[in-house]
Amino acid sequence: SSWENVELGNLAKVFADGDWIERKDQSSGGIRLIQTGNIGIGEYKDKENKKSRFISEQTFNRLGCAEIFPGDILISRLPDPIGRACIIPKLKIRMITAVDCTIIRLDENKILTKYFLYVSKSKNYFSEISKYLTGASRQRISRSNLAKVRIPLPPIKIQKQIVKEIENYQEMIDSDKKHIETLQQKIETKIKSI
């Protein structure tokens with residue numbers, strides 16, 4: 001595209017690492033620890049079969065943890081794949097995140113959160129991420145290198161149009177998926193009746 005490519009770190013109001021939480025710091029309830037396993041490619045994954053982890057309010061204060069909020073973006077700096085991102089949903093509980101995640105609160109005057117999320121699902125984004133990977137046996141990206149990743153930045157008006165167009169396509173995909181499921185159920189019903 002002809003749009004300027006801007007470093008991700010220059011588009012954020014908050015660009016910070018999550019917290020180092022050891023097993024001994026965890027508790028049975030309190031403030032929820034969001035981990036790399038909760039970050040899918042463009043989606044938040046609530047692992048139903050996996051037990052959630054928590055820390056107490058006291059531990060939160062003692063360690064000086066950074067709270068995360070609905071609408072924040074988390075980027076996993078570990079595989080698979082490195083750089084995958086999600087928007088934190090409303091979970092009705094206080095949250096923090098692990099050290100291998102980067103917390104990003106974008107400057108919405110420069111870049112829309114949903115626009116970034118769609119960009120973060122693209123091959124070009126992952127290609128840009130790959131330029132900054134380190135580690136021979138277990139690759140990762142540091143927060144400082146993640147900040148250097150360049151994002152195409154059209155004006156906000158164009159970003160809104162892009163988001164709307166993609167959401168329209170997604171609605172059509174979701175509708176088609178439901179239609180396919182209905183047809184598959186009809187096939188199964190017909191086979192059972194034979």
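The largest pocket of this predicted model holds about 400 Å³ of space. Of the 20 residues that line this pocket, Leu33, Gln35, Thr36, Arg53 and Ala98 are the closest to its centre. Here a pocket is an open set of points on a 1 Å grid over the protein atoms alone, where a 1.4 Å probe fits, with protein on both sides within 12 Å along at least five of seven lines; lining residues have an atom within 4 Å of a point. Grid points are joined across faces, edges and corners, and the volume is the space filled by probe spheres set on the points. The lining divides into 8 charged, 6 polar and 6 nonpolar residues, where Asp, Glu, Lys and Arg count as charged, Ala, Val, Leu, Ile, Met, Phe, Trp, Tyr, Cys and Pro as nonpolar, and the others, Gly among them, as polar.

Because the model is predicted, local features need pLDDT of at least 70 and side-chain atom pairs count only at pLDDT 80 or more, while totals for chains, interfaces and linings use all residues. Residues are numbered from 1 along each chain as its sequence is written, and side-chain values use heavy atoms, with hydrogens and water left out.

Turning to the overall architecture, the protein chain has 5 helices and 10 strands; these are DSSP runs numbered from the N terminus, with helices (H or I) of at least four residues and strands (E) of at least two. The C-alpha trace spans about 65 × 50 × 35 Å along its principal axes. Of the 194 residues in the chain, 36% are buried, where buried means under 20% relative accessible area, exposed over 50%, and partly exposed in between (1.4 Å probe, protein chains only).

Salt bridges come next. The whole structure contains 12 of them, each defined as a side-chain nitrogen of Lys or Arg within 4 Å of a carboxyl oxygen of Asp or Glu. In general, side chains of opposite charge can pair when their charged atoms come close. Asp25 is buried at 6% relative accessible area, whereas Arg62 is exposed at 54%.

Helix H1 also provides Glu57, whose side chain meets that of Arg94 in a salt bridge of 2.5 Å, N to O. Arg94 lies in the loop between strand S7 (85–87) and strand S8 (95–97), so the pair ties together parts that are 37 residues apart in sequence. Both partners are partly exposed, Glu57 at 40% relative accessibility and Arg94 at 31%.

A further salt bridge joins Asp100 to Arg140, with the closest N and O atoms 2.7 Å apart. Asp100 belongs to the loop between S8 and strand S9 (101–106), and Arg140 to the loop between helix H3 (123–130) and helix H4 (143–146), 40 residues apart. Arg140 is partly exposed, with a relative accessible area of 29%.

Leu78, in the loop between S6 and S7, is buried at 5% relative accessibility. The C-alpha atoms of Leu78 and Arg138 are 8.3 Å apart in space, although 60 residues separate the two in sequence.

In the loop between S7 and S8, Lys92 has phi near 60°, a positive value in a residue other than glycine. Lys92 is exposed, with a relative accessible area of 88%.

Finally, helix H5 (residues 156–193) contains Ile187, which together with Ile191 and Ile194 makes a nonpolar surface patch of about 370 Å². Such patches are made of residues with over 30% relative accessible area and no salt bridge, nonpolar side chains (Val, Leu, Ile, Met, Phe, Trp, Tyr) being joined within 5 Å; areas come from the Shrake-Rupley method with a 1.4 Å probe. Lys190 is also placed in helix H5 and is exposed at 56% relative accessibility. The C-alpha atoms of Lys190 and Ser2, 188 residues apart along the chain, are separated by 53 Å.

How values were computed. Patches are made of residues with over 30% relative accessible area and no salt bridge: like charges are joined within 9 Å, nonpolar side chains (Val, Leu, Ile, Met, Phe, Trp, Tyr) within 5 Å.
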